[in-house]
Amino acid sequence: MSTLHKIALTFIKSIGPVNAKNLLAYCGSAEAVFSASRKQLLQIPGIGEKTVEAILKTNALKRAQEELNFVEKHGIEILFFSDENYPKRLKNCIDSPILLYFKGKTNFNHPRIISIVGTRNATDYGKNLCKQLCEVLSNYDVLVISGLAYGIDVTAHKECLANNIATVGVLGHGLDRLYPQIHKPVAQKMVLNGGLLSEFPTLTNPDRPNFPQRNRIIAGIADATIVVEASIKGGALITAEIANSYNKDVYAFPGRTNDAFSEGCNFLIKTNRAGLINSAKDLIYYLGWDDDIKEKKKQPQTTLQLHLTANEQKVIDLLQNGQLAIDELSIATNIQQSKLAIVILTLEMQGIIISLPGKVYKLA
C-alpha cells in the first residue's frame, strides 16, 4: 500500500479506526478503498450511505499529500497497523488507530513496556515514587510510556532520561507543535532515546477531547499501566479504565485517605480496578520479570502429513512469526473475512491453530 493512501484513509470524515479496518479487510488495500465503486462499498458490512458518500466525495488525497510532505521533511516515521513495526499490543485493541506518527527511535514491540500516568498536580510524594520506580526499572530493560503532561507524566519522562530508560510521550496533537511548550527540552532528549508518538496529523490543536482519545494508546501499547498519583476525576483514571477494558494489568500506589491526589489511586485499589503496589519491587514481582526465563519456542511441524489448501498454508506461514488478529490476516492474505473465517475454522478443527480473545489466532 502507498503511504499516501494510508494517510488519506485517516482524513475521510466519519470513518473511525473500526470502519477503516473493515474497509481494508474487504477491499484489500488503501488504494482499493479509494478506487472502489459505490456498489462495492455498500456491500461491505457496517458501511452505510453516509460513509460511502464521504469516501466518494473526499479530498483526502490532497490533504494527505500535504501531510506526507511534512512527514518526509521532518523525518517522521509512519506506523500503519498492518506494518511489522506497528505496536502489536496496541494492534490487538479493537479501537486502535490505523496509523501513527512517530518521531524518535525505539522498538514498540519491546519485550517489556509499561505506562506511567498520574495527576497534573504531582506532590513530592508522587515525584519521589516516580524517582524510586525508575531507578529500579533501569535494571530491567524496559520501555516507559506516558503523556508528556504536567505533573506525574513529565516527571516519569525526566526520571527515565536520568536513568537511561527509553521513554515515549503520546501526544494529543500533531507533531508540528508541542504542548505544553515548557516541556520542549525534555521532548528533545526523549527523541534520542524513545520519542514522541501521535495519531493526530499536523494542524491538530491540543483540544480537550484529544487527550482522553490519546489515553487509549497509552493504555493499549503497554503490558501494564501504573497510576502513581491521581484525583478521583482526571485522565489517569480514564487511562486505567481503558486499560481494564483491554484486559491489561493496572497497578496503583496507595496514599493517605485524606490526600486529594491519592483519592483516585485508593479508589482503583478499593474497587479492584488496580493491584496495590508499595514499591517497584512489587511491580517486578507481579509482572514476573525476576523469573522471566523465556523458553525457546519449538516451531510446530504443521505442514507435515497434512493436506493443506493454498489459503490454509498462507495463514500458517503468517502465524509462524507470532499471533495475529483476523483483520491483519485478511489484509496480509488478501482473503475476505467471510472466506477467511472458514479457513480458520478448518485449521482450528485440525488442531493447527488456537483462537485467543479478540479474534486473535496463533499456532497451536
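**Cavity, sheet and core**

The largest cavity holds about 50 Å³ of space. On a 1 Å grid over the protein atoms alone, a cavity is a set of points where a 1.4 Å probe fits but cannot get out, whereas a pocket is an open set with protein on both sides within 12 Å along at least five of seven lines. Grid points are joined across faces, edges and corners, and a volume is the space filled by probe spheres set on the points. The count by this rule is one cavity of 30 Å³ or more.

The model is predicted, so that local features need pLDDT of at least 70 and side-chain atom pairs count only at pLDDT 80 or more, while totals for chains, interfaces and linings use all residues. Residues are numbered from 1 along each chain as its sequence is written, and side-chain values use heavy atoms, with hydrogens and water left out.

The lining of the largest cavity, whose residues have an atom within 4 Å of a point, consists of Arg-120, Gly-147, Leu-148, Ala-149, Leu-171, Gly-172, His-173, Tyr-179, Pro-180, Phe-211 and Arg-214. By class, this lining has six nonpolar, three polar and two charged residues. Here Ala, Val, Leu, Ile, Met, Phe, Trp, Tyr, Cys and Pro count as nonpolar, Asp, Glu, Lys and Arg as charged, and the others, Gly among them, as polar.

Two of these lining residues, Tyr-179 and Pro-180, are joined by a cis peptide bond with omega near -5°. Pro-180 is placed in the loop between strand E5 (167–170) and helix H10 (184–190). Helices (H or I, at least four residues) and strands (E, at least two) are DSSP runs, numbered from the N terminus.

Phe-211 and Arg-214, also in the cavity lining, are among the buried residues of H11. Helix H11 (residues 210–220) is mostly covered, with nine of its eleven residues buried; buried means under 20% relative accessible area, exposed over 50%, and partly exposed in between (1.4 Å probe, protein chains only).

The second largest pocket contains about 530 Å³ of space. Its lining has 27 residues, of which Arg-120, Phe-211, Gly-234, Gly-235 and Ala-236 lie nearest its centre. The elements that give two or more residues to this lining are H11 and helix H12 (235–245). The lining divides into twelve nonpolar, eight polar and seven charged residues.

Attention now turns to the strands. Nine of them form an open sheet in the order E1-E2-E6-E5-E4-E3-E7-E8-E9, with mixed pairing; two strands pair if DSSP finds at least two bridges between them. Strand E1 (77–80) and strand E9 (275–276) are the edge strands, each pairing on one side only. Strand E3 (residues 113–117) and strand E7 (residues 224–227) run parallel and are joined by four bridges, with Ile-226 in E7 as the bridge partner of Ile-116.

Leaving aside neighbours within four places in sequence, Leu-276 is in contact (heavy atoms within 4.5 Å) with Ala-252, Pro-254, Ile-269 and Tyr-286.

Elsewhere, strand E11 (residues 353–356) and E12 pair in the antiparallel sense over four bridges, and Leu-356 stands opposite Val-360 in E12. Their hairpin has three residues between the strands, and Gly-358 within it takes a positive phi near 80°. Strand E12 (residues 360–363) also pairs with strand E10 (residues 324–325) in the antiparallel sense, over two bridges; there Leu-324 stands opposite Tyr-361.

A nonpolar core is a set of buried Ala, Val, Leu, Ile, Met, Phe, Trp, Tyr and Cys residues joined through side-chain atoms within 4.5 Å. The largest such core has 75 residues, of which Leu-197 and Val-227 touch the most other members. Apart from this core lies another, of 26 residues, among them Cys-130, Cys-134, Ile-226 and Ile-277.

Most residues other than glycine have a negative phi, and most peptide bonds are trans. Asn-164, however, has a positive phi of about 55°; Asn-164 is found in the loop between helix H9 (152–162) and E5 and counts as exposed at 65% relative accessibility. Asn-247 likewise has a positive phi, near 60°. Asn-247 is found in the loop between H12 and strand E8 (249–252), and counts as exposed at 72% relative accessibility.
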